[in-house]
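Me: I am new to this structure and would like a close look at one part of it. Which residues surround the ligand, and which are closest? Please go on from there to other parts of the chain.

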Amino acid sequence: MAGNKLKSKETKKKPEPVNPGVLKPDKEAEVKVKELVKDERTHKVVGTILLLLALYLFIAFTSFLFTWQEDQNLVWNNGFNILFKDDVVVENTLGRLGAVVSYWFFVNGFGLASYLFCYMLFIFGVNFIVGRRVFRVARNLKYIIFGLLYISTTLAFLGYKAEFPFGGALGNQLNRWICGFLGSVGMGLLLFVVGFVWCIWKFNMQFKWPESKPKPPKPAPVAPVEPVVANAKPVVAEASFIPSIPQEPEEEILPSKPNTLKDNGSIHLTLPEDEEEFEQEYQLHVKEDIVTPNVTYIPPVATPVTAEEDLEQEELEAAMQLVMEERDEPEEEDVPPVMEPTKRKDRNAVNDIAFEIKPIPTEDEVHEEEEFTAPQRVLSSDPYEPTLDLRDYKYPGIELLENHGSDKIVQDAAELEKNKNQIIDTLKNYDISIQKISATVGPTVTLYEIVPAAGVRISRIKNLEDDIALSLAALGIRIIAPIPGKGTIGIEVPNVKKTIVSLRNMLASDKFQNSTMDLPVAIGKKIDNENFIADLAKMPHLLMAGATGQGKSVGINTLLVSLLYKKHPSQLKFVLVDPKKVELSLYKLIEKHFLAKLPGEEDAIITDTKKVIHTLNALCIEMDLRYDLLKEAGTRNIREYNNKFTQRKLNPQKGHRFLPFIVLVVDEFADLIMTAGKEVEMPIARLAQLARAVGIHLIIATQRPSVNIITGTIKANFPARIAFKVSSKVDSRTILDTGGAEQLIGQGDMLISYNGEVVRLQCAFVDTPEVEQVAEFIGDQRGYTDAYMLPEYIDEKDNEGKELSLTDRDNLFEDAARIIVSTQQGSTSLLQRRMKLGYNRAGRLMDQLEAAGIVGPSMGSKAREVHVKTEADLEEILNDLL
Ligand SMILES: Nc1ncnc2c1ncn2[C@@H]1O[C@H](COP(=O)(O)OP(=O)(O)OP(=O)(O)O)[C@@H](O)[C@H]1O
């Protein structure tokens, strides 16, 4: 066999003439038109020429406006010959050519609308020079064509008596024809209606009428505030909680809601119409299912918010607060105030830890059911809607993302045939015969599935990995023997032409749009082109590894952007750890919407190792607090808890609040482990073990998947793992428990180990400018007053050696004292819950309260005795302590 091979190589070589002296110049002289066309410099030259043309036309046209009377006759009389007649003198600034061109555009063409050609050349020129689609071509071309027809006809209609060719020949012709058909009045009306409709469509003009619309009839109100509550909430709640419900109700709602219409309708306006294929597919889907991406996006802003309604809402909240306060506090005058960690009750409870003085209930031990007085009960029948925190929040539109080339897989029949034959030949060389071979073309690799002849041992094929790679002269060949559940052997061969999987298309897919997952993430495409969309909440944590430059950062962006497209700021918070300092900095813009940070920190994106340790510990405290809340509520996970809370079965007065999901992202885990070791590993391991049920999920990426970084503890708690290309089989084993990642071809080619399966995916691609656009879009909207505050963590080491003295009191001492005295419960966990503190700090506060004589000594698991009985006494003690 080997001899045969050699022979064929020799015969191939023979006919080649060896004459380097002749060959060299020939090769250099060869000009490849394809390459020239693709060359960046060619684009820039073309761009420059187009811009110059735009400028030329603009000057010629503008000059024509002033010189048309003089030049018109000359051009008319001489036609194009005027260009060659030196003796003819024209007035146009750009000479005879300027006069002729302007004449043809204005008189024989489109009149004043001819300026649109300058615009067209300008956008083409800019796009070519910049090398990017700064202006969307298809959309602008549509506007230009519409403009040419509409403007020329309108101007011809309005200026039909004028000598100047306002509408040009086209405008005059159309005007004549339509006027004959509809009459002048009909023509005027038609033009007006078309213009008006266009403006509505383009700018979604707001009409003030809806404001004076009577409110939908409601049952007779019990209290003055009820109708508003009952009116305002269900619409939003319904839309927000059932995003993928059949859309008939949506259609009924649409006409009465200008903003909703804008959000839904904007699909048609804002899609990049130059990607015809995508658009067709997309709109088809929109029509068929009536489920548009933005339909899913709009829920929280279902109702247009007018200033009046805003006011109403404020009043309503004030009223609600009043109702609650009245209920809680019958003797307002007598009860001293206490610090409560809330600003506007449950509405901002999620995010607000600023303390504000407000009356507190005298009896804290009343049962939840008993606590709701009559008016409260009416209010509580409306589910709590967390998205009302930022009710005018708009979800980012799909148009903010780019389409990176066509998502259509390029199938090269010749390549398929060649690879197939090579595989068959190679196997034949080793006396392995096969029954059948089939191919599935994926975005980056093609999977050849082989059914071997009876009696062939699978391990023999598996051992031929390198030989097949050699015969195909390709890197990144992976043999899956056998393919689980299929009874075939798979050979993955990289495609010569790879397809980029745009995140945009994945997010626009039905699967993502209609997903009801808690934290859906669009990760990439499988070999059979199926979109791989998973629920991060179920993973429940994700470990990513890959050598440098193989697509980790893009992968992280893909996950984060997916979540930003599906979640409202009230439902999700990110804790971003970026030791490299530059990878996640883009997300700074969404600090007040989606980020969480430590109290008192300036920057929400954590880059400093010390702060990382504090943040991780703070997250552990948050986890413990959430577990306490879950326990109190008698629920097992965040879903049940939040359901109960939204049904108003949990009392915010007792520290209950809507719990947003928290996703911790660590971009370079190895770096942290190297610098902080166990201090980082311990809280991460704790979170990974326990945090899932309370809605805290981790995404951890590392360049170095070595065993001292991805330790057994970490690995055991990260069942979902992603491997981009790694440098060795050992690394692949460390991350996936199996080889294969070293065979990947980079650029987002990855293996994901999830649910016990290892699947090869092409990671969805989202470029940094796209992430920036999305972040800007969100960042420009009204956000919370600050980032979501994590509980404070005080490093024990920082306090070591500090004597417990009253002069060195915690600055929350007074607040804690008031809570303890008003509730008459010397309980550390009460302080923890009420003040969102970690156990250590709450314990220290309790010790200080003991030292001040406010509470008695610790009594084991029971609450301490409270020595100060009234708040008046407490104020005296506090004054003495000053
Ligand atoms: N899914 C993808 N599709 C296409 N190209 C990709 C994809 N992911 C990454 N690339 C290409 O690979 C380059 C490097 O990716 P990325 O910056 O994500 O690597 P990295 O692993 O984060 O590197 P480092 O660890 O050095 O930061 C990108 O600039 C992009 O050109």
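Reply: The ligand is surrounded by 14 residues, and the closest are Thr548, Gly551, Lys552, Ser553 and Gly748. A residue counts as near a molecule or strand when its C-beta atom, placed from the backbone, lies within 6 Å of it. Please keep in mind that this is a predicted model, where local features need pLDDT of at least 70, side-chain atom pairs count only at pLDDT 80 or more, and totals for chains, interfaces and linings use all residues.

Sorted by class, the shell around the ligand holds four nonpolar, nine polar and one charged residues. Here Ala, Val, Leu, Ile, Met, Phe, Trp, Tyr, Cys and Pro count as nonpolar, Asp, Glu, Lys and Arg as charged, and the others, Gly among them, as polar.

Helix 24 gives the most to this shell, with three residues. Helices (H or I, at least four residues) and strands (E, at least two) are DSSP runs, numbered from the N terminus. Helix 24 covers residues 552–566, which makes 15 residues, and spans 22 Å from its first C-alpha to its last, close to the 21 Å expected at 1.5 Å a residue. That expected span is 1.5 Å times one less than the number of residues. Helix 24 is also mostly covered, with 15 of its 15 residues buried. Buried means that 20 or more other C-beta atoms lie within 10 Å of a residue's own; exposed means 12 or fewer, and partly exposed is in between, with C-beta atoms placed from the backbone.

Now for strand 9, which takes up residues 542–545. In a regular strand the side chains alternate between the two faces of the sheet. In strand 9, Leu542 and Met544 point one way, Leu543 and Ala545 point the other way, and all are buried. Strand 9 runs parallel to strand 14 (residues 720–723), joined by four bridges, and Leu543 stands opposite Arg721 there. Strand 9 also pairs in the parallel sense with strand 13 (residues 696–702), over four bridges; the bridge partner of Leu542 in strand 13 is Ile699. Two strands pair if DSSP finds at least two bridges between them.

The loop between strand 8 (531–535) and strand 9 contains Pro540. The peptide bond from Met539 to Pro540 is cis, with omega near -10°. Most residues other than glycine have a negative phi, and most peptide bonds are trans. Another residue to look at is Asn529, in the loop between strand 7 (520–526) and strand 8. Its phi is near 70°, a positive value in a residue other than glycine. Asn529 counts as partly exposed because 16 other C-beta atoms lie within 10 Å.

Elsewhere in the chain, four strands form an open, antiparallel sheet in the order 3-4-6-5. Strand 3 (434–441) and strand 5 (478–480) stand at the edges with a single partner strand each, so one side of each has no neighbour in the sheet. From one strand to the next, the twist averages 20°. Strand 5 pairs with strand 6 (residues 489–494) over three bridges, and Arg478 has Glu492 as its bridge partner in strand 6.

Helix 19 (residues 413–429) lies across strand 3, strand 4 (445–452) and strand 6, at about 145° to strand 3. Such angles run from 0 to 180 degrees between N-to-C directions, and the axes are lines fitted to C-alpha atoms, for helices over the stretch in contact. The loop between helix 19 and strand 3 holds Asp431, which has a positive phi of about 60° although it is not a glycine. Asp431 counts as exposed because it has 9 C-beta neighbours inside 10 Å.

Of its 882 residues, 40% are buried. Among contacts between residues at least 6 apart in sequence, 70% join residues at least 24 apart. Contact means that C-beta atoms, placed from the backbone, lie within 7 Å.

How values were computed
Residues numbered from 1 in each chain as written. Contact = placed C-beta atoms within 7 Å.
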